[in-house]
Amino acid sequence: LGGVLPASVRADFPILATRPGAYLDNAATTHKPRAVLDAITGYYTTANSNTGRGYHELGRLSTDVFEQARHDVQRALGAERPEEVVFTSGTTDAVNAVADGLGRRLLGPGSAVLVSGMEHNSNLLPWRRLAEETGAELLVAPVDGHGRVDVEKFTALLGPRVRLVAVSHVSNVLGTVNPVAELIAAAHRHGALVLVDGAQAVPHRTVDVRALDADFYCFSAHKVYGPMGTGVLYGRYDLLDGLRPARVGGGTVKGVSATEPVRYVPLPARLEAGTPNVAGAVGLAAALRYLDDLGRDAVRAHDEHLVRYAVRRLAELPGVRVVGSPEETPSGIVSLVVDGVHPYDVGAHLDGRDIAVRCGVHCASTFLDSLGLLGTVRLSFAVYNTEADVDAAVDALATARPGSWTADHPTTRFL
Ligand code: PMP
């Protein structure tokens, strides 16, 4: 297959048989293996019912499979208790739940939130808004020449004012891995809580929230071979227990009277108002099992191999420049620019050859601005990608030159 995993992996993903070419947009979302599709269909065909309202057998069954999925995620993250796993609709929802939930109790005039200069809008805008609303300051830790958060400069920004740090584990733009354990240790020494955006980490590496000592850790199921519309907020029990629920409603209270104060149920239900996405949680658990069956080490080695192979092959192309140093800490993503060709035009050129990539600013325009780039072309890999996929992208990039496409593409500009 030209990788670490066997060719048979491709047969696990039904969509691959329906499309020609190479899907290299896995950082946006991965395809789903049959095991996940079957788990979702299986849930709706054998257990569908609302949860936590166990007046009948199906209701109890649905609650059981939902809670089993929570246990599976707990195990995958190395969390101490299942109640520390809250199901959300995705990473964006999880970050917002923490920002809303901490709110004015953590921040106010004279305090600060520290984010990194590479954050996705989903781990930037909730903090920016919160800072604006509370009068706190938003500090930004710079990214070094390798495309990682600079530990020294980050540490220099910490201090009694900084109450919370929000940082990504792996950059969705460059695929570089931040030294999150070091960043967390430094933040804790200065008394700050740390939220880690793990959206691009969980697909490629085993994450142990306790070894990292993360206070909050978020990821999305759909980027890790699970379904869209499901995500996870991990949080230390005492911290989650102190969060003000961002959403209130059914399933979160012991009972409401017109006169008494509202009494909320314990975690995790108090943070999961409304009917949960049980099929999503079941699909995520199936995806995590699928990765365990492939072997987490093999998955990581496969994704790392493809990054290194891509960087090597891209070096053969004059006028193509890899941004950052993804080969130093490979994690499934390579971002590049083609001299003189707008990233959107490169994307259109590749699309015309059945190669799917993401191009542009990747929801991180402040980071792209700081790099002095209009955007990049991002190749991102999954377990079903092969060296042949990389070769196809490299061949297509070799002919991506100004004027190399016939359509008068409106975005054509020069870098
Ligand atoms: N953070 C990072 C690093 C991401 O890559 C993404 C998805 N592009 C998100 C957050 C947001 O994830 P979602 O859209 O699934 O909420």
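A cavity is a set of grid points where a 1.4 Å probe fits but cannot get out, and its lining residues have an atom within 4 Å of a point. The exercises below concern a predicted model.

**Exercise 1.** Determine which residues line the largest cavity, and how they divide by class.

*Solution.* Step 1: the volume of the largest cavity is about 50 Å³. Step 2: its lining is formed by A76, L77, V202, R205, T206, V207, F219, L288 and R296. Step 3: sorted by class, this lining has six nonpolar residues, one polar and two charged.

**Exercise 2.** Describe how helices α2 and α9 are oriented to each other, and identify the residues in contact.

*Solution.* Step 1: helix α2 spans residues 57–77 and helix α9 residues 278–294; their axes come within 9 Å and cross at roughly 40 degrees. Step 2: α2 and α9 are therefore oblique to each other. Step 3: the crossing is left-handed. Step 4: α2 contributes S62, V65, F66, A69, D72, V73 and A76 to the contact, while α9 contributes V278, A281, V282, L284, A285, L288 and R289. Step 5: by class, this contact comprises 11 nonpolar residues, one polar and two charged. A76 and L288 belong to this contact and also to the lining of the largest cavity.

**Exercise 3.** State which residues are closest to the centre of the largest pocket, and how its lining divides by class.

*Solution.* Step 1: the largest pocket holds about 280 Å³ of space. Step 2: 23 residues line it, and H120, S122, A199, Q200 and K223 are the closest to its centre. Step 3: the lining divides into six nonpolar, 13 polar and four charged residues.

Methods:
Residues numbered from 1 in each chain as written. Predicted model: local features only at pLDDT ≥ 70, side-chain atom pairs only at ≥ 80, totals over all residues. Heavy atoms only, no water. Axes fitted to C-alpha atoms, helices over the stretch in contact; angles between N-to-C directions. Helix = DSSP H or I, 4+ residues; strand = E, 2+ residues; numbered from the N terminus. Parallel < 35°, antiparallel > 145°, perpendicular 65-115°, else oblique. Left-handed = near helix turned anticlockwise from the far one by under 90°. Contact = heavy atoms within 4.5 Å. Nonpolar A, V, L, I, M, F, W, Y, C, P; charged D, E, K, R; others polar. 1 Å grid on protein atoms, 1.4 Å probe; cavity = no way out; pocket = protein on both sides within 12 Å on 5 of 7 lines; lining within 4 Å. Points joined across faces, edges and corners; volume = space filled by probe spheres on them.
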